[in-house]
Amino acid sequence: MSWRADVLSIFPSMFPGPLGESLAGKAMEAGSWSLKVTDIRDFGLGRHRSVDDTPFGGGAGMVMRPDVLDAAIGSVADERPLIVLTPRGAPLTQKRVRELAGGPGVILLCGRFEGIDQRVIDARQAEEVSIGDYILSGGEVAALVLLDAAIRLLPGVMGAAESAVEESFSAPLLEYPHYTRPAVWAQRAVPETLTSGNHAAIAAWRLAAARQTTKTRRPDLYNQYIASGASAP
Ligand code: SAM
């Protein structure tokens, strides 16, 4: 059975968006994954299909109502993990993406306004996930990010040419830099080792470059790498 994604949003026309193109789009056409988008407003209240209300305790903005969201979730809920996209969530990692890609799919709830009434998140035991320490205007772009990261890991989606094995965060090291033709461009030559044809030397050069970049740019990842038993260069 193919991997199934459900998205709950008040802007359903934002999907599939970029996921209808390239690898993800072809994989959807091939039936490797499917997407169903539910308009939360279908469960809204009154003539205006209202989905939000003012926050208890005061403050700016509106909060998405738990009763409306619970009805929308109930229309699609099953054994798949329910994920709420929120800057308050645990940061999304490649490890979690790999786990999600290995499961039956996901149900994603996209917030808007000031956010979502916490009670529905707690009652539904939803997982709260953030895609980074910045504030988006809505959860839809975050949902697209999560889906893109997971879909490319589904069996058969990436060809050998796009293999995920050596990618950043698999190690956990950032990836080494890439070069292609021409060998000299704008008076900049490709590192000599890469044109040597010596596969062992190339592998060693790439590992050293990956370590150096990670050490400089992401000391947190580098420390994890060393703690996992890798020897310091
Ligand atoms: N008031 C919220 C706060 O300060 O944490 C921000 C709400 S934001 C304007 C509206 C919605 O965008 C959120 O409910 C969430 O669904 C989504 N969102 C914003 N930033 C996000 C992030 N970094 N990761 C995941 N979702 C995000």
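Leaving aside neighbours within four places in sequence, R96 is in contact with P81 and E127, where contact means heavy atoms within 4.5 Å. R96 is found in helix α3 (residues 94-101); helices (H or I, at least four residues) and strands (E, at least two) are DSSP runs, numbered from the N terminus. With a relative accessible area of 22%, R96 is partly exposed (buried means under 20% relative accessible area, exposed over 50%, partly exposed in between, with a 1.4 Å probe and protein chains only). Y134 is 38 residues from R96 along the chain, and 20 Å separate the C-alpha atoms of these two residues.

A word on what you are looking at: this is a predicted model, in which local features need pLDDT of at least 70 and side-chain atom pairs count only at pLDDT 80 or more, while totals for chains, interfaces and linings use all residues. Residues are numbered from 1 along each chain as its sequence is written, and side-chain values use heavy atoms, with hydrogens and water left out.

Now step back to the whole protein. Seven helices and nine strands are present, and the C-alpha atoms fill a box of roughly 70 × 40 × 35 Å along the principal axes. Of the 233 residues, 37% are buried. The domain assignment gives domain 1 (3-151) and domain 2 (167-227), with bounds that come from an automatic or database domain assignment. The centres of domain 1 and domain 2, taken over C-alpha atoms, are 36 Å apart.

Let's turn to the sheet. Five strands form an open sheet in the order β2-β1-β6-β5-β7, with parallel pairing; two strands pair if DSSP finds at least two bridges between them. β2 and β7 (127-130) stand at the edges with a single partner strand each, so one side of each has no neighbour in the sheet. On average, neighbouring strands of this sheet are turned by 35 degrees against each other, direction ignored. Strand β1 (residues 3-9) is mostly covered, with six of its seven residues buried. β1 pairs with strand β2 (residues 33-39) in the parallel sense over seven bridges, and R4 stands opposite S34 in β2.

Next comes a helix pair. Helix α6 (residues 199-217) and helix α7 (residues 219-227) pack at an angle of about 125 degrees, with their axes 6 Å apart. This makes α6 oblique to α7: angles under 35 degrees count as roughly parallel, over 145 as roughly antiparallel, 65 to 115 as roughly perpendicular and the rest as oblique. Axes here are lines fitted to C-alpha atoms, for helices over the stretch in contact, and angles run from 0 to 180 degrees between N-to-C directions. Residues L207, R211, T214, K215, T216 and R217 of α6 meet P219, L221, Y222 and Y225 of α7 in this contact.

Finally, some backbone details deserve a look. Most residues other than glycine have a negative phi, and most peptide bonds are trans. F15 and P16 are joined by a cis peptide bond, with omega about 0 degrees, and P16 has its place in the loop between β1 and α1 (22-29). Another cis peptide bond, also with omega about 0 degrees, joins R181 and P182. S22, in helix α1, has a positive phi near 55 degrees and is exposed, with a relative accessible area of 55%. Q125 has a positive phi of about 50 degrees; Q125 lies in the loop between α4 (118-123) and β7 and counts as exposed at 73% relative accessibility.
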